[in-house]
Amino acid sequence: HVLLVDDTPTNIGHLRDYLVAKGHRVSTAANGLEAIEQAQALPDIIFMDVQMPEMDGLEAIRRLRAVPRTRDLYIVSLTSFAMGEDRERCLEAGADDYESKPVALKRVLEMVEARREPSANEGA
């Protein structure tokens, strides 16, 4: 289960369509507030845009990390900014990984499938 968080419908649409075509379940959110709500379903991975209205991605990550239920979710922050300090800000907020936009579809799929492997073996 993948949660895509971005306020640009085109960005979400391309990623969602690609991941669904590859057999993944995808939920979406348009801002940090919606992301926190959608994260209650405990997705395997969250791709969180940084700059969004209502609540930005960094604040949403901080809030998800502050609650035991969502503390350990795997979060990749996505940002148009490619400066070193932006990467540090994302990681300091609690992101597990960082990718600059536009992120290659193949890279997104690799990250999703890497998260899927451990959970597939947990029940064995």
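Guide: A salt bridge here is a side-chain nitrogen of Lys or Arg within 4 Å of a carboxyl oxygen of Asp or Glu. This is a predicted model: local features need pLDDT of at least 70, side-chain atom pairs count only at pLDDT 80 or more, and totals for chains, interfaces and linings use all residues. Residues are numbered from 1 along each chain as its sequence is written, and side-chain values use heavy atoms, with hydrogens and water left out.

Start with arginine 107. Its side chain forms a salt bridge with that of aspartate 97, at 3.8 Å from N to O. Arginine 107 sits in helix H5 (residues 105–122), while aspartate 97 sits in strand E5 (residues 97–100), so the pair ties together parts that are ten residues apart in sequence. Helices (H or I, at least four residues) and strands (E, at least two) are DSSP runs, numbered from the N terminus.

Arginine 107 counts as partly exposed because its relative accessibility is 30%. Aspartate 97 counts as buried because its value is 18%. The cut-offs are under 20% relative accessible area for buried, over 50% for exposed, and in between for partly exposed (1.4 Å probe, protein chains only).

Through shared partners, salt bridges join Asp97, Glu99, Arg107 and Glu110 into one network.

Look next at helix H4. The side chains of arginine 89 and aspartate 86 also meet in a salt bridge, at 3.7 Å from N to O. Both residues belong to H4 (residues 84–93), and because they are three residues apart there, about one helical turn separates them. Arginine 89 counts as partly exposed, at 41% relative accessibility. Aspartate 86 counts as buried, at 10%. The pair at arginine 107 and aspartate 97 links a helix to a strand, whereas arginine 89 and aspartate 86 lie within one helix. In total, the structure holds eleven salt bridges.

For contrast, here are two buried residues. Histidine 24 lies in the loop between helix H1 (9–21) and strand E2 (26–29). Histidine 24 counts as buried because its relative accessible area is 9%. Leaving out residues up to four places away in sequence, histidine 24 touches Val2, Leu19, Leu109, Val112, Glu113 and Arg116 (contact means heavy atoms within 4.5 Å).

Alanine 35 is in helix H2 (residues 32–38). Alanine 35 is buried, with a relative accessible area of 1%. Again leaving out residues up to four places away in sequence, alanine 35 touches Leu3, Val5, Ala29 and Met48. One of these, methionine 48, lies 13 residues from alanine 35 in sequence. In space, alanine 35 and methionine 48 are 8.2 Å apart, C-alpha to C-alpha.

Back to the charged pairs. Side chains of opposite charge can pair when their charged atoms come close.
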